[in-house]
Amino acid sequence: MKTKVTNKEVRKISELTLIKMLVNLKTLGYFGKCLTPLTKSERTKAVDILIERNLIDEDCNLLPASKEIILNNLNLAY
């Protein structure tokens, strides 16, 4: 994502939400309903966190580092 969001603007995003984002991206092809309770700036921050951790790239393609996380948490899909 091009815009950077400061920590003041958003609540803390849980690890479970980040994991669900990865699993849904792999199984559904999009992030799914796990982002529904988040505001637009929080969604941006969540994607930025995954990019910073090298789990997805700028185009939201999964990177090899995310494989183990996804396989361990497939029960969280949808």
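How many helices and strands does the secondary structure of the protein chain contain? The chain comprises three helices and zero strands, where helices (H or I, at least four residues) and strands (E, at least two) are DSSP runs numbered from the N terminus. Along the sequence, these elements follow the pattern α-α-α.

The model is predicted: local features need pLDDT of at least 70, side-chain atom pairs count only at pLDDT 80 or more, and totals for chains, interfaces and linings use all residues. Residues are numbered from 1 along each chain as its sequence is written, and side-chain values use heavy atoms, with hydrogens and water left out.

**Chain totals**

Of the 78 residues in the protein chain, 37% are buried. Buried denotes under 20% relative accessible area, exposed over 50%, and partly exposed in between (1.4 Å probe, protein chains only). The accessible surface of the chain amounts to about 5,300 Å², and carbon and sulfur atoms contribute 55% of that surface; such areas come from the Shrake-Rupley method with a 1.4 Å probe, and for residues only the protein chains shown count as cover. Among contacts with a separation of 6 or more, 66% join residues 24 or more positions apart, a contact being heavy atoms within 4.5 Å.

**Salt bridges**

A salt bridge is a side-chain nitrogen of Lys or Arg within 4 Å of a carboxyl oxygen of Asp or Glu. By this rule, the model holds two salt bridges, tabulated below.

| Arg 11 | Glu 42 | 2.7 Å |

Arg 11 forms its salt bridge with Glu 42. Because Arg 11 lies in the segment before α1 (15-27) and Glu 42 in helix α2 (residues 40-52), this pair ties together parts that are 31 residues apart in sequence. Glu 42 is buried, its relative accessible area being 4%.

Arg 53 is located in the loop between α2 and α3 (67-72) and Glu 15 in helix α1, so the pair ties together parts that are 38 residues apart in sequence. Arg 53 is partly exposed, with a relative accessible area of 40%, and Glu 15 is likewise partly exposed, at 43%.

**Tyr 30**

Tyr 30 is placed in the loop between α1 and α2 and counts as exposed, with 51% relative accessibility. When residues up to four places away in sequence are not counted, Tyr 30 touches Asn 24 and Leu 25. The C-alpha atoms of Tyr 30 and Cys 60 are separated by 9.0 Å, with the two residues 30 residues apart along the chain.
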